Amino acid sequence: MRPFLCLSFMAGDYTHFPAPDNPLSFQLNLPAQPSSSTFQLNLPAQHQEDNKPLQNDLHQIEQRVLELYQEAERFFQKSFKRPYIRLDLTGATAGQAWIEKHQLRFNKVLLQENREHFIQQTVAHEVAHLLAYDLFGPRIRAHGREWQGIMIKVFRLPADRCHSYDTGRSSRKQWLYQCHCKGREIALSTVRHNRSQRGTIYLCTTCRGPLTYAGKAQATIN
């Protein structure tokens, strides 16, 4: 059981992504059956020079996603809607497929530290989730036979559910909070800490008291 609950008085809650208004994301806006691998990355002008490494990372992911969709379209003889791609995932998670929004999120740090395997395997892993949903509907298991079949038969890759990347640099910093429980401290991630500072109230599931900031835990990022 989680040691805290969240009461959010902001627009939306922590289960939803923020609006895509930063240079860490872009829309893969290509024809259903593209004839070339070219694309335009629409970033604000002031970010063009400062974010070249980031653009290169996004470009590599975009190229890989395009290749995977082309493979799937040849295999299934049908076209698929292209996803929205973000490079803003943090912590130990390498990639994430958000089915409802048709989005893919990836971890920039883990990409940069494990580039070859990440591009080859992790990107395919997440694309396979979106394809499985498009083909078989929402009632399938996340890593069930439908997803496994796409990984093995379509992408010709192992259907690995988890990665083995070193997450030392990408792990979230923790912020310590206290409740009414004597001698108890609860660690929140940076995301939840920031939300708390903006007005979100987290409650201890034991004493039901609000969590109050007590200080920063020892950093886990090098």
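**Close-up views of a predicted model**

**Figure 1. Overview of the protein chain.** Among contacts in the protein chain between residues at least 6 apart in sequence, 61% link residues that are at least 24 apart. The model is predicted. Its secondary structure amounts to five helices and nine strands. Read from the N terminus, the order of elements is β-β-α-β-β-β-α-α-α-β-β-α-β-β. The protein chain has 222 residues, and 45% of them count as buried.

**Figure 2. Packing of helix H1 on helix H3.** Two packed helices are described by the angle between their axes and the distance between the axes. For H1 (residues 52-76) and H3, the angle is about 45° and the axes lie 9 Å apart. H1 is therefore oblique to H3. The crossing of this pair is right-handed. From H1, the contact takes in Asp57, Gln60, Ile61, Arg64, Val65, Leu68, Tyr69, Ala72 and Phe76. On the H3 side, these meet Arg115, Ile119, Gln120, Val123, Ala124, Val127, Leu130, Leu131 and Leu135. By class, the residues of the H1 contact with H3 are 13 nonpolar, two polar and three charged.

**Figure 3. Packing of helix H3 on helix H4.** H3 spans residues 115-136 and H4 spans residues 145-154. The two helices pack at an angle of about 130°, and their axes are 9 Å apart. H3 and H4 are therefore oblique to each other. Their crossing is right-handed. H3 contributes Gln121, Ala124, His125, Ala128, His129, Leu131, Ala132, Leu135 and Phe136, which meet Glu146, Trp147, Ile150 and Met151 of H4. The residues of this contact comprise nine nonpolar, three polar and one charged. Ala124, Leu131 and Leu135 of H3 are listed both in the contact with H1 and in the contact with H4.

**Figure 4. The buried face of helix H5.** H5 covers residues 190-197, and within this helix Arg192, His193, Arg195 and Ser196 are buried. Viewed down the axis of H5, the buried residues fall within an arc of 160°, so they line one face of the helix. An α-helix has 3.6 residues a turn, so residues three or four places apart point the same way. Just after H5 comes Gly199, with a positive phi of about 125°.

Technical notes:
Residues numbered from 1 in each chain as written. Predicted model: local features only at pLDDT ≥ 70, side-chain atom pairs only at ≥ 80, totals over all residues. Heavy atoms only, no water. Axes fitted to C-alpha atoms, helices over the stretch in contact; angles between N-to-C directions. Helix = DSSP H or I, 4+ residues; strand = E, 2+ residues; numbered from the N terminus. Parallel < 35°, antiparallel > 145°, perpendicular 65-115°, else oblique. Left-handed = near helix turned anticlockwise from the far one by under 90°. Contact = heavy atoms within 4.5 Å. Nonpolar A, V, L, I, M, F, W, Y, C, P; charged D, E, K, R; others polar. Buried < 20%, exposed > 50% of the residue type's maximum accessible area, 1.4 Å probe, protein only. Arc of directions from axis to C-beta.
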